[in-house]
Amino acid sequence: MAAHGTPPPMSSHRCGPLTGVANVPGDKSISHRALILGALSVGETTISGLLEGDDVLDTAKAMRALGAEVTRSENGLWSVHGVGVGGFAEPDSVIDCGNSGTGVRLIMGAVATTPIAVTFTGDTSLNGRPMGRVTTPLEAFGARSCGRSEGRLPLTMIGAEDAIPADYTLPVASAQVKSAVLLAGLNAPGQTVVREAVATRDHTERMLKLFGADLTVTDEEDGSRTITLTGQPELVPQHIIVPRDPSSAAFPVCAALITEGSDVLVPGIGLNPTRAGLFETLRDMGADLTYENEREEGGEPVADLRARHSPTMKGIEVPADRAASMIDEYPILSVVASFATGSTTMPGVHELRVKESDRIDAMAKGLRLNGVTVEEGEDWFSVEGLGPSAVPGGATVRTHLDHRIAMSFLILGMASQKPVKIDDSGPIATSFPIFDPLMRELGARFEASR
Ligand code: S3P
């Protein structure tokens with residue numbers, strides 16, 4: 001949001017080849033978790049590569065409000081002096097998580113087993129999102145909460161006095177819910193168990209182990225997972241190196257694939273298998289996308305991605321069981337699909353309806369306005385590809401306070417015949433504050449417009 005609350009519109013014009021190196025910021029999911037686990041350890045945790053986007057900065061503020069000392073040094077290194085498991089203090093005022101579902105849901109979990117009252121709120125998008133999916137399992141630990149209907153924010157949570165561990169089967173594929181339960185389990189005596197039918201991103205599990213928690217993960221043959229955490233560990237402070245965010249890398253990568261003559265390198269991208277579904281899908285479509293210099297950094301697999309213009313991409317049916325590993329990438333995939341030949345069908349994506357916006361609806365409306373045919377059902381949508389240079393463009397799209405919708409349509413404009421305009425570029429700062437300069441440096445033609 002611009003100064004004085006006026007949303008800053010922006011337009012994107014067809015551009016020449018994209019070239020160069022795109023250093024995208026740190027991973028949003030890992031950044032939230034590093035701050036929260038740092039705050040729950042006794043001593044100093046340092047974090048390099050933290051994403052300094054609004055969502056994560058709101059989590060940093062929340063950790064301060066709960067009693068941790070969180071500072072940033074001039075060289076960009078963050079430091080968290082934690083209060084230990086069960087050590088959170090009751091905040092003096094409301095915790096505002098802005099636009100961040102991950103921030104609020106993880107923090108709710110982290111406070112649910114400490115006997116303090118915490119009131120949470122957010123922006124219009126966050127206050128419209130379902131929180132019952134988190135408050136229901138947290139009640140099993142003994143926490144109480146009172147919010148609006150379906151537990152919507154603003155909401156007050158009163159953490160359990162004498163927490164009891166929970167055994168919870170996730171009714172939806174959600175890493176946020178899983179993580180909320182695990183973070184609550186930290187201050188409950190005995191074993192907390194979370195069962196998930198499909199593997200969702202596992203950064204919380206990896207990082208809990210790194211901080212010294214006793215946690216085991218059992219992978220079943222059918223792809224389901226059981227996670228068991230022993231409560232009340234003493235978490236040991238760490239130095240966390242945050243890999244660069246694959247969900248942010250998706251934008252320069254996809255822009256290069258659809259823009260004539262492009263060749264872009266996106267170094268140091270986290271390729272945790274629970275996050276890398278988009279890149280697999282793009283390669284299935286025939287994208288010229290390679291992994292170079294594969295390695296491990298900070299407990300996560302990492303590689304440099306090289307993306308080149310790929311005019312012969314073909315539409316496919318994306319396997320439904322890949323949805324969890326690319327859940328935030330469907331908006332940008334549907335942009336790429338518009339420039340492929342044939343139709344791309346995306347089944348099993350009901351969760352897209354409850355993200356920062358209803359992303360199926362937002363993408364379908366915006367793509368149709370720009371001349372692309374989209375069909376949709378409750379939990380699927382399909383995009384009729386027009387081929388490499390045949391997307392008309394020319395429309396203004398509503399972004400509904402959703403950063404990924406905003407960035408996706410700016411990418412559409414880079415290869416469509418007429419410019420594409422978005423009504424509000426403000427939300428991009430929640431996850432990718434350097435998107436505009438980074439994309440311009442590669443060759444994008446964005447214009448702040450009215
Ligand atoms: C996230 C999990 C996903 C994802 C979100 C980040 C996380 O949400 O969409 O952007 O960091 O745990 P769900 O867990 O609700 O699917």
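Where is the place of P154? P154 sits in the loop between β8 (144-146) and β9 (155-158); here strands (E, at least two residues) and helices (H or I, at least four residues) are DSSP runs, numbered from the N terminus. The peptide bond that leads from L153 into P154 is cis, with omega near -5°.

Before we go on, a word on the model: it is predicted, so local features need pLDDT of at least 70 and side-chain atom pairs count only at pLDDT 80 or more, while totals for chains, interfaces and linings use all residues. Residues are numbered from 1 along each chain as its sequence is written, and side-chain values use heavy atoms, with hydrogens and water left out.

**Backbone**

Two residues other than glycine have a positive phi. N293, in strand β16 (residues 288-297), has a phi of about 55°. L401 has a phi near 55° and belongs to the loop between β21 (396-397) and α12.

**The ligand and its pocket**

The ligand sits in the largest pocket, meaning that more than half of its atoms lie within 2 Å of the pocket's grid points. From this shell, α1 (28-39) and α6 (175-185) are the elements that give two or more residues. A pocket is an open set of points on a 1 Å grid over the protein atoms alone, with protein on both sides within 12 Å along at least five of seven lines; a cavity is a set where a 1.4 Å probe fits but cannot get out, and lining residues have an atom within 4 Å of a point.

Around the ligand are S29, R33, T102, A173, S174, A175, Q176, R201, I327, D328 and K355, each with a heavy atom within 4 Å of it. Sorted by class, they are three nonpolar, four polar and four charged. Ala, Val, Leu, Ile, Met, Phe, Trp, Tyr, Cys and Pro count as nonpolar, Asp, Glu, Lys and Arg as charged, and the others, Gly among them, as polar.

Polar contacts are pairs of N or O atoms within 3.5 Å.

| Residue | Distance to a ligand oxygen |
|---|---|
| S29 | 2.7 Å |
| R33 | 2.7 Å |
| D328 | 2.7 Å |

On its own the ligand has 380 Å² of accessible area, and the protein covers 95% of this; the areas come from the Shrake-Rupley method with a 1.4 Å probe.

The largest pocket holds about 520 Å³ of space, where a volume is the space filled by probe spheres set on grid points joined across faces, edges and corners. Its lining has 38 residues, with A173, R201, I327, D328 and K355 nearest the centre. At least two lining residues come from each of α1, α3 (101-111), α6 and α12 (403-415). The classes here are nine nonpolar, twelve polar and 17 charged.

**The cavity**

How many cavities of 30 Å³ or more does a search of the whole structure find? There is one, and the largest cavity has a volume of about 40 Å³. Its lining consists of L40, V85, G86, F88, A110, T113, T114, L183, L186 and N187, of which six are nonpolar, four polar and none charged.

Key
Polar contact = N/O pair within 3.5 Å; in protein donor to acceptor, adjacent residues only side chain to side chain.
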